[in-house]
Amino acid sequence: MDRLPSELISHIMRFLSFSDRKEASLVCTTWYHASLHPYLQKNVIVKCKPQEKGTLPAGLLRRRLTHIEFGDGGTQTLSEENLVSLLKECPSLVELDLSRCNHLFLSGRLLDRDSDRIMLRKSLANLRELKLDCLRHMTDITFLRLVSVTENLQKISLASTNMIFGNLLCSVNQSSPVMFQFSTFLKFVTDNVAKLKSIDLSYTAVHNDALNALASIEGLSLEEISLRSCMELSDKGIKMLVSKQRSLKVLNISECKELGNSKAFFSTLANNLPYLQTLLMRKCVKMGQCDIESLADFKSLSTIDLGEVLNLFDKDLIKGMCSKGPQLFGLFLPYCPDIHDEFIFQLCKSNYLLTHLDLSSCLQLTDSALHAITRSLTLLRTLRLPYCREISDLGILGYMPENGVVPRHTFDHDHDGCPCTRERESKIFRKPKGLIKEHISCVSKAQDSLAKGGELYMLSNLEYLETLDLSSCTRITDLGLSEAVRFRDLRSLSLNGLSKIDDRAIAIIAHQNPNLEEVNLRATKITDLSVGQLIRQCPCLRVMDLSQCEGLSDVCLETIAYKGKRLRQLDVSYTNLSVQAVSMLESRVPYLKVVSRPHLY
């Protein structure tokens, strides 16, 4: 391998995930230098805290940084002069994030020298994306100075930034030294219409007239716009936007709660946005009363987020997404309580290329829906099913009874048709003994089928899965998890609130999923043995949530301090761990962020 050219090694590393690429870069010096190729840095965002002199470590500069973020709240020592000296050392920079760096704008002296602006104009020639989110002290003058050195900018984000809107300000030409006006931003957009493709004005007070003024700029052809939680917008403003910016590919109007008063909302979008690929509308609670069936009229739509939208019913969703609509790659419908199995059946038939599916808190879904998913959606990379309480071991084991009907309401604490969850015996409410026996019989048959090598469409049939969330699916036990959770590329696993799993199941899961990077086991009955198995069997583990796990003792922290050298975040809140043991772990592993909230008595 030492004889291979560095360019060839860099090309091979392009096919590795980020974590695997990081491991490979530690093999030898040749592989490390090969990992520094600019192409391999495209998705690496460096969150740096400069030293007191305002310089970056030499190792970071050798990486030819393309993405750098300063807005972590710990950059108060970074002055305006230091920022200039740092940026001139990063000629490959593609993305710059100055969000929350309010101290840089407080004095108003940022880039006030002509020599600094001339120098940075050359250094930042490759910069394509600028994030200026959550800034309170940015003014017209500092904004114009900053964008003057980024001549090739394609994306700009001003989410939650203090900006002055008004009907009369759009025609003001003077730049203010004390506030940031929307008219100044319009001037910047007008001067950069040929290159600007993405704008983020989320969490601002932008209203219909201001949005119309932006969309009406001659020559502007946006591909992406984010207007998340812009409460002043109505259907009228969105209609004016889409009628003038027909090239949009990504539209994010999540949390705009005043939208959805027009019955023909989706048909308006479909008729004006022929190239739209991503539509994000989470928490737009009124959308359920609009023409959901018109989703079928979109020609290029591949990702939809309608999470927390009320009154989404199977018949409308089937018409909009499963009849003649496009092939979806991402579907997010969390907290939609009116969705039933029938929609999932039709979805799996028509959209078998799905890679991301979120059905969190869809309370009506049963094991039959999960059977359809594991049988048809074999390309899934993300599957979220937390709080789907009807899903049990039979679902993740892929077992279908001979009569083709999966039994429901059959767990220990269920009372047929009764919503109560009493677990102790009652002389008044009798548990449905026959249904419980039927469930036990089905589980036994599933075990026999597994032992005989029978063909079951288990959860493990989703062989490309990278993220799995089964939190609070209380009918799932150690039997189903130990048999069905086995994935080659699984990175994130959430099993919060599963009271029926034990150390043996966690040990098997850790052995079968060695590439895990994040594990969430909040409010489970695991002990120190489970923590030890995860630390030893999953060498890439970086994030663990063990909060509310009362079976843990200080011994698990000793194991983490000794073996968990790559762990970066640990939550042990509301456990029985001592303050002294937590302090010991923090001192021995200084780069580990430990969250420890004591019990409140």
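What volume does the second largest pocket have? In this predicted model, the second largest pocket has a volume of about 550 Å³. Of the 14 residues that line this pocket, those closest to its centre are Lys 22, Arg 542, Val 543, Arg 568 and Gln 569. Helix H2, which spans residues 18-24, supplies the largest share of the lining, with 3 residues. When the lining of the second largest pocket is divided by class, 7 of its residues are charged, 4 are polar and 3 are nonpolar.

A helix pair was also examined. Helix H21 (residues 554-563) packs with helix H22 (residues 579-588) at an angle of about 0°, and the axes of the two helices lie 10 Å apart. Because angles under 35 degrees count as roughly parallel, H21 is described as roughly parallel to H22. On the side of H21, the contact is made by Asp 554, Leu 557, Glu 558, Ile 560, Ala 561 and Tyr 562, while H22 contributes Ala 581, Val 582, Met 584, Leu 585 and Arg 588. Sorted by class, the contact of H21 with H22 comprises 8 nonpolar and 3 charged residues, with no polar residue taking part.

For the chain as a whole, the secondary structure comes to 22 helices and 19 strands, and buried residues make up 53% of its 601 residues. Among the contacts in the chain that link residues at least 6 apart in sequence, 76% join residues at least 24 apart.

Definitions and conventions: Residues are numbered from 1 along each chain as its sequence is written. This is a predicted model: local features need pLDDT of at least 70, side-chain atom pairs count only at pLDDT 80 or more; totals for chains, interfaces and linings use all residues. Side-chain values use heavy atoms; hydrogens and water are left out. On a 1 Å grid over the protein atoms alone, a cavity is a set of points where a 1.4 Å probe fits but cannot get out, and a pocket is an open set with protein on both sides within 12 Å along at least five of seven lines; lining residues have an atom within 4 Å of a point. Grid points are joined across faces, edges and corners, and a volume is the space filled by probe spheres set on the points. Helices (H or I, at least four residues) and strands (E, at least two) are DSSP runs, numbered from the N terminus. Ala, Val, Leu, Ile, Met, Phe, Trp, Tyr, Cys and Pro count as nonpolar, Asp, Glu, Lys and Arg as charged, and the others, Gly among them, as polar. Axes are lines fitted to C-alpha atoms, for helices over the stretch in contact, and angles run from 0 to 180 degrees between N-to-C directions. Angles under 35 degrees count as roughly parallel, over 145 as roughly antiparallel, 65 to 115 as roughly perpendicular and the rest as oblique. Contact means heavy atoms within 4.5 Å. Buried means under 20% relative accessible area, exposed over 50%, partly exposed in between (1.4 Å probe, protein chains only).
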